Amino acid sequence: MNTPMNNNAQKTVPSDAQAVADTVEWLEKAVIGLNLCPFAKAVHVKQQIRYQVSHATDAEGLLQELVSELELLAETSPEKIETTLLIHPQALTDFMDFNDFLEVADAAVEALQLDGILQVASFHPDYKFDETHADDIENFSNRSPWPTLHLIREASIDAAVEAFPDAADIYERNIETLQRLGHAGWKKLFTA
């Protein structure tokens with residue numbers, strides 16, 4: 001993986017292939033490998049994840065691409081595309097700008113009348129939960145190699161929660177997993 005998932009600002013722009021490869025590696029080694037999301041493995045194995053790399057360099061351009069991707073996901077059967085990862089290595093690389101954009105993303109979902117149908121989750125190399133320090137290990141549950149918006153079907157979330165009765169405990173379990181792993185273990189995931 002070209003990019004460490006830490007507090008370093010991204011300085012280079014990856015090729016589309018590299019951005020996708022980095023994201024797939026993160027998905028396989030961290031999200032699935034550490035079972036941070038018990039719902040991710042099935043859609044990955046079935047190849048129902050759309051990886052779309054944005055060339056937007058600002059929030060306005062990213063919003064246009066987000067709208068297009070939301071429309072595409074809403075119009076496509078879940079068997080073809082269950083979920084979309086909109087990777088945007090050139091836009092909103094600053095976490096606070098990215099975090100502020102999430103309100104814009106939610107407003108776009110509402111404007112398209114897709115609230116209750118789709119939602120947007122967020123991953124970023126510098127992700128930081130409220131009331132945590134930047135280097136706290138629990139932040140790594142949402143740290144991706146590149147800024148990424150995850151477009152999710154609400155029906156899929158509902159079905160997954162039904163199939164996984166302890167879904168409410170995922171966040172706490174992830175914190176425990178990451179605390180056991182520690183920073184050195186996280187780094188080792190991507191250097192092995």
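Colleague: Quick one to start: which residue is the bridge partner of T84 in β4?

Modeller: In β4, T84 is bridged to L151. Strands here are DSSP runs of E at least two residues long, while helices are H or I runs of at least four, both numbered from the N terminus. This is a predicted model, where local features need pLDDT of at least 70 and side-chain atom pairs count only at pLDDT 80 or more, while totals for chains, interfaces and linings use all residues. Residues are numbered from 1 along each chain as its sequence is written, and side-chain values use heavy atoms, with hydrogens and water left out.

Colleague: Thanks! How many bridges join β2 to β4?

Modeller: Five, with β2 (residues 83–87) and β4 (residues 148–153) running antiparallel. L86 has L149 as its bridge partner in β4.

Colleague: And how many bridges join β3 to β4?

Modeller: Six, and those two strands are antiparallel too. A121 is bridged to H150 of β4.

Colleague: What's the order of the strands in the sheet?

Modeller: β1-β2-β4-β3, in an open sheet with mixed pairing. Strands pair if DSSP finds at least two bridges between them. At the edges sit β1 (49–53) and β3 (118–123), each pairing on one side only. From one strand to the next, the twist averages 20°.

Colleague: Which strands does helix α4 lie across?

Modeller: α4 (residues 95–111) lies across β3 and β4, at about 170° to β3. Those angles run from 0 to 180 degrees between N-to-C directions, using lines fitted to C-alpha atoms, for helices over the stretch in contact. Helix α5 (residues 154–163) packs on the sheet as well, touching β3 and β4, and makes about 75° with the direction of β4.

Colleague: Back to β4: how many of its residues are buried?

Modeller: Six of its six. Buried means under 20% relative accessible area, exposed is over 50%, and partly exposed lies in between (1.4 Å probe, protein chains only). T148, H150 and I152 point one way from β4, and L149, L151 and R153 the other. In a regular strand, side chains alternate between the sheet's two faces.

Colleague: Why does H150 count as buried?

Modeller: Because its relative accessibility is 17%. Its side chain makes a 2.6 Å polar contact with that of T83. A polar contact is a pair of N or O atoms within 3.5 Å; within protein, one must be able to donate a hydrogen and the other to accept it, and residues adjacent in sequence count only if both atoms are side-chain atoms. Leaving out residues up to four places away in sequence, H150 touches (heavy atoms within 4.5 Å) several residues, including T83, L85, Q119 and F123.

Colleague: New topic: where is Q48, and is it buried or exposed?

Modeller: Q48 is in the loop between α2 (40–45) and β1. Q48 counts as buried, because its relative accessibility is 11%. The Q48 side chain reaches the backbone oxygen of P78 at 3.4 Å. Beyond its neighbours within four places in sequence, the contacts of Q48 include V43, E79 and I81.
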